[in-house]
Amino acid sequence: MDENNFNNNINNNVNNLSNNTNINSSVMPSSNMYGGVSSYTNTEPVMTEERRLYLLEKEQKINQRNKKRKIFGISILVIALSIIVIFLYKNYFRPVEIDSRIDKDSIHYVTDLYYSDGRYYNEYLDVKEKKIYIEFLNDLKNVEKETVLDCRDFGYSDEHVCAGSISKIVDIVLMEHPDLFWYRTSSYSYGTGIGVVIKHHYVTQNKLSLYFVERRLLRKIDELASKFEKLSEEEQVKAVYTWLGETTTYSTIMTRKSGTAWSALLSDDSVCAGFAAASQLLFQRLGIDSILVVGNYDGEGHAWNFVELDGVYYWYDSTVAGSVSKNSDYFYSGLFFSDNSRYEPAVLDMKNFKFGSKEKES
């Protein structure tokens with residue numbers, strides 16, 4: 001074979017091989033550089049009308065379910081917000097009537113819960129004691145931890161006599177101000193010279209918290225007074241007594257809060273001072289003349305009330321109601337009673353009160 005024929009044969013073979021490769025590339029999958037095989041681009045399944053309708057229906061169901069969940073979530077949120085708004089309005093922001101006698105510029109003003117005319121301040125304190133009283137009360141209103149007195153500044157030459165006046169002032173503050181719902185009592189110790197350091201014991205000193213508690217008390221008192229206002233005065237006194245006895249239990253654990261109107265009106269347990277303070281606040285709101293009394297019962301510290309009906313006073317001790325069952329024969333034994341041999345009022349001159357001679361039926 002000559003050289004020309006040999007070259008022609010090689011060219012023909014190369015051309016044939018090239019043609020075969022082109023043909024095969026149209027039907028064989030191509031390989032990538034890692035040896036993987038690419039899928040066909042023209043073999044995707046055609047979506048049938050039945051499948052298209054199925055997917056559309058499925059999408060609609062998902063959208064409807066999501067819509068229901070959204071509506072449910074919004075409904076729960078609206079309900080929760082409504083409950084919160086109703087609670088806040090009822091307990092904190094509902095308008096209530098404030099006693100028109102309350103004068104915020106008066107030295108006896110403490111809160112909008114109560115009007116104090118300073119009757120005990122005027123009747124039972126001398127000039128020196130009145131000066132201490134004003135400083136003492138201002139510190140309580142400002143929730144100060146203590147009051148430091150140099151008794152000489154008030155005309156005392158003996159710190160023990162000064163301390164005796166302070167003890168009387170504490171009693172009178174408690175009788176004058178059942179609205180001091182954050183204050184429990186005070187204790188004192190002797191300082192240098194003839195000084196006296198008076199420490200005040202509070203439920204809390206957080207003024208923001210006290211602001212909101214006062215709002216709740218205002219509205220709770222207004223709510224109860226609205227329920228009782230159509231009754232006769234005697235029936236109103238009984239209604240206050242009964243409500244406290246049924247809703248508030250006498251506490252066997254003494255805490256600072258349990259001795260305040262805060263505990264008796266907004267909690268479910270209290271002690272005598274709380275029962276008496278709550279009764280006093282409610283009586284004034286109802287227009288019933290009464291006083292809060294502190295003293296002793298069988299030699300132990302106690303608090304109760306005197307209630308005036310038809311020109312005479314009656315003994316009233318709602319702590320009794322909170323100490324026994326509503327079904328007990330003794331439940332109403334603390335209401336309108338005349339057997340007071342076990343009670344010893346502090347400070348008060350009992351000659352200033354005309355008492356009824358008979359117990360009223362309960």
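Q: Which helix gives the most residues to the nonpolar patch?
A: In this predicted model, the patch covers about 990 Å² of surface and includes Leu77, Leu81 and Phe212. Two helices, α2 (49-93) and α6 (207-228), each supply at least two of its residues. The top contributor gives 7 residues, and that helix is α2.

Q: Is Leu88 of the patch buried, partly exposed or exposed?
A: Leu88 is one of the residues that make the nonpolar patch. Leu88 is found in helix α2. Buried means under 20% relative accessible area and exposed means over 50%. Leu88 has 33% relative accessibility, so Leu88 counts as partly exposed.

Q: How far from Arg219 is the nearest side chain of opposite charge?
A: Arg219 is found in helix α6. Among the residues touched by Arg219 are Tyr89, Lys90, Phe93 and Val96. Arg219 is buried and has no salt bridge. A salt bridge needs the nitrogen within 4 Å of a carboxyl oxygen. The nearest side chain of opposite charge is Asp222, at 7.7 Å.

Q: How many residues apart are Arg119 and Asp289?
A: The side chains of Arg119 and Asp289 meet in a salt bridge, 3.7 Å from N to O. Arg119 lies in helix α3 (residues 119-124), while Asp289 lies in the loop between α9 (272-286) and β6. The pair links distant parts of the chain, with a separation of 170 residues.

Q: Which helix holds both Lys61 and Glu57?
A: Lys61 and Glu57 form a salt bridge of 3.7 Å, N to O. Lys61 is partly exposed at 48% relative accessibility, and Glu57 is partly exposed at 43%. The two residues are 4 apart, about one turn of the helix, and that helix is α2.

Q: How many residues of β6 are buried?
A: Strand β6 spans residues 290-297. β6 pairs antiparallel with β7 (residues 300-309) over 8 bridges. β6 also pairs antiparallel with β10 (residues 343-345), over 3 bridges. β6 is mostly covered, and its buried residues number 6 of 8.

Q: Which residue in β10 stands opposite Gly295?
A: β6 has partners in two strands, β7 and β10. In β7, Phe306 stands opposite Ile291. In β10, the residue opposite Gly295 is Pro345.

Q: Is Asp310 buried or exposed?
A: Asp310 is in the loop between β7 and β8 (312-316). β7 and β8 form a hairpin with 2 residues between them, and Asp310 in the turn has a positive phi of about 55°. The cut-off for exposed is over 50% relative accessible area. Asp310 has 72%, so Asp310 is exposed.

Q: Why is β8 largely enclosed by the rest of the structure?
A: Val312, Tyr314 and Tyr316 point one way from β8, and Tyr313 and Trp315 point the other way. All of these residues are buried. β8 is largely enclosed because its buried residues number 5 of 5.

Q: Which residue in β9 is the bridge partner of Tyr316?
A: β8 pairs antiparallel with β7 over 5 bridges, and Phe306 stands opposite Trp315 there. β8 is also joined to β9 (residues 335-337) by 2 bridges, again antiparallel. In β9, the bridge partner of Tyr316 is Leu335.

Q: What percentage of the residues of the protein chain count as buried?
A: The chain holds 10 helices and 10 strands. It exposes about 21,500 Å², with carbon and sulfur atoms supplying 51% of that area. Of the 362 residues, the buried share is 39%.

How values were computed
Residues are numbered from 1 along each chain as its sequence is written. This is a predicted model: local features need pLDDT of at least 70, side-chain atom pairs count only at pLDDT 80 or more; totals for chains, interfaces and linings use all residues. Side-chain values use heavy atoms; hydrogens and water are left out. Patches are made of residues with over 30% relative accessible area and no salt bridge: like charges are joined within 9 Å, nonpolar side chains (Val, Leu, Ile, Met, Phe, Trp, Tyr) within 5 Å. Accessible areas come from the Shrake-Rupley method with a 1.4 Å probe; for residues, only the protein chains shown count as cover. Buried means under 20% relative accessible area, exposed over 50%, partly exposed in between (1.4 Å probe, protein chains only). Two strands pair if DSSP finds at least two bridges between them. Lys and Arg count as positive and Asp and Glu as negative; His and the chain ends are not counted. Contact means heavy atoms within 4.5 Å. Lists of a residue's contacts leave out its neighbours within four places in sequence.
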